[in-house]
Amino acid sequence: MSATAVDTTGNLQSPFLCSEEPHAPNGSLLGFWIYLMSDCFIFASLFVCYAVLGTSTAGGPTAAEVLDLPGLAVNTALLLVSSVTFGFAMLEMARKRKTAMLAWLAVSGLLAAAFVTLEIHEFLGMIAEGAGPGRSAFLSSFFTLVGTHGLHVSVGILWLVVLMVQLGKFGITEANVRRLQCLSMFWHFLDLVWVGVFSFVYLAGVLR
Amino acid sequence: MSHSTSHDLAHGHEPGHDEHANHGTLRSYLTGFALAAILTIIPFWLVMGQVFANHWVTITIVLALAVVQIFVHIVYFLHLDARGEGGWNLLSFVFTVVLVVIVLGASIWVMYTENTLMMPMSPQYQHSADT
């Protein structure tokens with residue numbers, strides 16, 4: 001901060017002040033990783049809510065009655081394949097093949113969009129059946145946890161679209177590589193959280 | 001450690017190493033995909049096929065497989081290892097896991113114990129609580 005103040009006031013050149021601090025290499029990646037770790041806490045607390053409230057149905061529908069396992073299987077497959085195709089995009093990025101990279105990114109984005117569409121469809125179906133988030137503590141915790149994950153995926157898609165425009169316009173520059181590496185971590189992280197969701201919320205939930 | 005710029009140079013004399021640290025390899029993604037698919041199909045089969053009569057056996061296996069799959073994702077997709085960012089990635093991850101286990105484990109323990117220690121509700125209140 002003091003460096004910029006000196007620069008703007010009188011161009012005073014001091015040997016002890018640099019106009020720009022050298023960036024630590026890969027600082028953004030570590031910073032983004034720490035953001036993901038803090039996101040873990042958000043999801044962990046929502047998982048705890050579901051663990052505690054998952055059986056408090058207040059006489060309403062139980063998990064076994066409202067959760068759709070075949071639909072869940074499709075959703076899980078979509079997200080897992082999307083995670084792998086994003087990995088393929090990263091490999092193409094390393095080889096500096098822009099078109100192939102953009103194609104894999106588009107595939108990942110479309111798979112994630114299909115995931116979100118199916119999830120919204122499932123949510124609307126549940127609300128139409130009278131199993132909305134206001135029905136019971138179980139459904140509140142369910143919609144909060146799964147909805148938060150879905151919101152993350154939606155934001156990831158938005159980020160992906162913006163980044164694809166940037167990559168198309170400016171190519172595989174150092175800054176774009178860094179951004180794509182962050183998004184890659186975000187993408188895989190959401191698939192990792194989904195493992196917890198489908199195992200704990202759905203599969204274990206319908207048996208409790 | 002600036003991977004993006006030194007990548008092409010590093011690729012020449014030390015193939016594989018630099019790629020693994022950043023974006024993984026085709027093999028790592030395919031291995032991860034195969035393992036994740038197997039670890040997903042087994043719990044779905046256990047629950048949808050109603051393999052075990054005892055639900056708690058199924059739940060335990062499903063959750064154990066989920067933990068295994070989470071580690072598969074971390075290793076093969078997120079490429080977490082002790083080398084990345086000088087070990088800080090791994091360190092912050094371990095810190096998070098410890099705290100999450102404390103938060104999750106302790107909260108569930110406390111809340112379930114509290115549930116079992118609650119006074120049983122008399123029937124008329126039970127009815128009003130259910131509706």
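Chain B has six helices and zero strands, where helices (H or I, at least four residues) and strands (E, at least two) are DSSP runs numbered from the N terminus. Read from the N terminus on, its elements therefore follow the order α-α-α-α-α-α. The model is a predicted one, in which local features need pLDDT of at least 70, side-chain atom pairs count only at pLDDT 80 or more, and totals for chains, interfaces and linings use all residues. Residues are numbered from 1 along each chain as its sequence is written, while chains are lettered from A and ligands numbered from 1 in the order in which they are written.

Of the 131 residues of chain B, 20% count as buried. A residue is called buried if 20 or more other C-beta atoms lie within 10 Å of its own, exposed if 12 or fewer, and partly exposed in between, with C-beta atoms placed from the backbone. Contacts, too, rest on these atoms: two residues are in contact if their C-beta atoms, placed from the backbone, lie within 7 Å. Among the contacts in chain B with a separation of 6 or more, 44% join residues 24 or more positions apart.

After helix 3 of chain B comes B:Q50, with a positive phi near 45°.

The two chains meet in a contact that takes 45 residues from chain A and 44 residues from chain B. On the side of chain A that touches chain B, the elements giving two or more residues are helix 2 (27–53), helix 4 (69–94) and helix 7 (174–203) of chain A. The residues of this side divide into 33 nonpolar, nine polar and three charged; here Ala, Val, Leu, Ile, Met, Phe, Trp, Tyr, Cys and Pro count as nonpolar, Asp, Glu, Lys and Arg as charged, and the others, Gly among them, as polar.

The largest nonpolar core has 71 residues, of which A:F47, A:A89, A:L145 and A:F189 touch the most other members. Such a core is a set of buried Ala, Val, Leu, Ile, Met, Phe, Trp, Tyr and Cys residues joined through C-beta atoms within 7 Å. Helix 7 of chain A provides the largest share of this core, 17 residues. Leaving aside neighbours within four places in sequence, A:F47 is in contact with A:L145, A:G196, A:F200 and B:L104.

Most residues other than glycine have a negative phi. A:A58, although not a glycine, has a positive phi of about 50°. This residue lies in the loop between helix 2 and helix 3 (63–66) of chain A and is exposed, with 12 other C-beta atoms within 10 Å. B:H79, also not a glycine, has a positive phi of about 55°. B:H79 sits in the loop between helix 4 (55–76) and helix 5 (88–117) of chain B, and is buried, with 25 other C-beta atoms within 10 Å.
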